[in-house]
Amino acid sequence: MLFLRPALPPAIVAIGLALAIAVPAQAAAVPAITVQNGRTQPVFSYADAVREHVYVESPVDSDSDGALDKVRVDIIRPKESGPGLKVPVIIDESPYYDNSGRGNEGERKVYDAAGNVTKFPLFYDNYFVPRGYAVLNVDMLGTTRSEGCPDVGGRADVLGGKAVIDWLNGRARATRADGSPAVADWTTGKAAMIGKSYDGTLANAVAATGVEGLKTIVPISAISSWYKYQRSNGVIYNLDYASGLADYVDTDPESKCQAVRDRLDAEDGDDTGDYNAFWAERDYIKGLLGDASKVRAGVFVVHTVNDLNVKPDNFSTWWKALAERGVPRKIWVGQTQHVDPFDFEGRRDLWVDTLHRWFDYWLYDVPNGILQEPRADVEVGPARWTTQDDWPAPSALQTWLWPVSDGSLGGAPVASGTATFTDIAMSEADMVADVGTAKPGRVAFTTGALPQDLRLSGTPTADLLVKLDKPTANLTALLVDFGEDTRVDWRRGQGITTLAEEDCHGESTAADDACYKKVVTNVATRPLEIVARGWIDVQNRHSLSQAEPLPTGTYGTVKWLTLPQDYTFKKGHRIGLVVAGTDSDYSEETGTGATVTLNLGKSSVVVPFAQGTPLTDVPKDTTTFRGPKKPDLPKADTKFTFF
């Protein structure tokens, strides 16, 4: 056991030893940071913790009232923390504390008569404060009790959160409710940011500024590029989404921030779908306010491959950029939809313990070996997980599949043949129904029955040679698993069902308990699954920021990445490729009406298979496979379900 007294440096200098640092007997009653088995121990009283709030001055005036906006910060920390015992900080910054709430149970902040929070949403405070951490629930600018206006991923969102880190490290000012100065003399300045969805997005954004003092982030189902959140290669998912979300999270009178929402509508480029300065400001991989090259923090990414709200290319491109820059990192990849790892069936205890060890490593320098463990935990079936050295699976090999004019999908190109369809708005259920029957809005191709399991791990690529009779068209590529199986039903309830039974993680008070309802994974037995999907506006085939229509009647190469996946095609199933026009499930566009001609001999889809590869002989479909009738594929709710 190791006790860290205030006079001692925070670094742990012994590994695998139970050390006791002698202290005077009269000081034994005063709790000290205690580490045992590579984990900080719960030695501080949660009930007696300090609960307070401050207002941090940001560098922005987002509501144009002539004063710099102040960020409301609600704090809970051990009673003993102060100049003599400095503690690190865990931050959950959110725009949702007074609207949708946080977590599966939608918890909101509850305040006492003095304006201090008596109930902090989620378990972070209950669990980590007794272990020697401060927990800060921060109201994003323009929301709850902060000043200003939300600007949906832009300057105010980013710099408001950064100001809190600066205040913790003595670089920004804060006041109490009475206007007196508030100094964070109780903290080491080491901070973590964590959160799901918008909360995790703010963590990505602040980390991308390179702010000093932010040691780690845990972005869960988080955005790394708002363009990717609302666009795919020029195809628009939702029109005027930014202003709608800003209005949702802002509970002030409508008139206060109407000018900001009008600006969002004017600048978002919905008339073209192109990447412009609006989206560059909201790009944390390589944007105007920061990028992945500036990240100083260790990053623990959690996302799910079936999250069709914050689509999984947000995590895969962020993960790749961090890897290229050597950022220390860890990842969990699930199969539900927009779900927190606290609600992954059967993994709640493991999640809490892994997060605990991660924070101990980065904020208390505990040498617990967490970075020497397998980097990736991946769900490979309903509530079935594996660990591997990285994600995608390092063993994945690129496999080319080629469409053929007879409707088959093979392992080698055929020199000639074309297929034609019209760009119309079409649901995915219609796209994948009766694949052996011609439809005007799509073309479809399938392999024969697979001789072995094949695990896709990573991001497929659609590489098509097309010509149009109009300047542009929207294209959809779907990779489909045809075969009856029981799979995660991520469309229903985000993929989970909440039970009545609870379990507890941390200490409780009458006002704030540490207990939450358990969940189970939803499953469904269906004849097919759309595994990967991707979209592109043909005129954005060369550039996201500069449209270039394809000359009518001329073939051009259109190559793009689908959304990433991790999925196993079972032996005996068939792999299908469907190419269509506008996907009405995920785009509000109506389709161009263009006739699309696909040169089959020079078109393919490239799939990273990690299991059962190399597939040296793709079985040809010789049975005139027609597939099921229109399957029951209810559209996942993705509009204004950001929380």
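In which sense do strand β24 and β35 pair, and over how many bridges?

A: Happy to! This is a predicted model, in which local features need pLDDT of at least 70 and side-chain atom pairs count only at pLDDT 80 or more, while totals for chains, interfaces and linings use all residues. Residues are numbered from 1 along each chain as its sequence is written, and side-chain values use heavy atoms, with hydrogens and water left out.

Strand β24 (residues 454-458) pairs with β35 in the antiparallel sense, over two bridges. Strands here are DSSP runs of E with at least two residues, helices are runs of H or I with at least four, and both are numbered from the N terminus. Two strands count as paired if DSSP finds at least two bridges between them. Within this pairing, arginine 455 has glutamine 611 of β35 as its bridge partner.

β35 has other partners too. Strand β25 (residues 461-468) is antiparallel to β35 and joined to it by three bridges; there, aspartate 463 is bridged to serine 604. Strand β19 (residues 397-403) also runs antiparallel to β35, with five bridges between them, and threonine 399 stands opposite valine 607 of β35.

How enclosed is β35 itself? Seven of the eight residues in β35 (residues 604-611) are buried, so the strand is largely enclosed by the rest of the structure. Buried means under 20% relative accessible area, exposed means over 50%, and partly exposed is in between, using a 1.4 Å probe and protein chains only. As background, side chains in a regular strand alternate between the two faces of the sheet.

Rings of Phe, Tyr and Trp (its six-membered ring) pair if their centres lie within 6.5 Å; planes under 30 degrees apart count as stacked, over 60 as edge-to-face and the rest as tilted. That rule gives a count of 30 aromatic pairs. In one of them, the rings of tyrosine 229 and tyrosine 241 have centres 5.4 Å apart and planes at 75°, so the pair is edge-to-face. Tyrosine 229 and tyrosine 241 are both buried.
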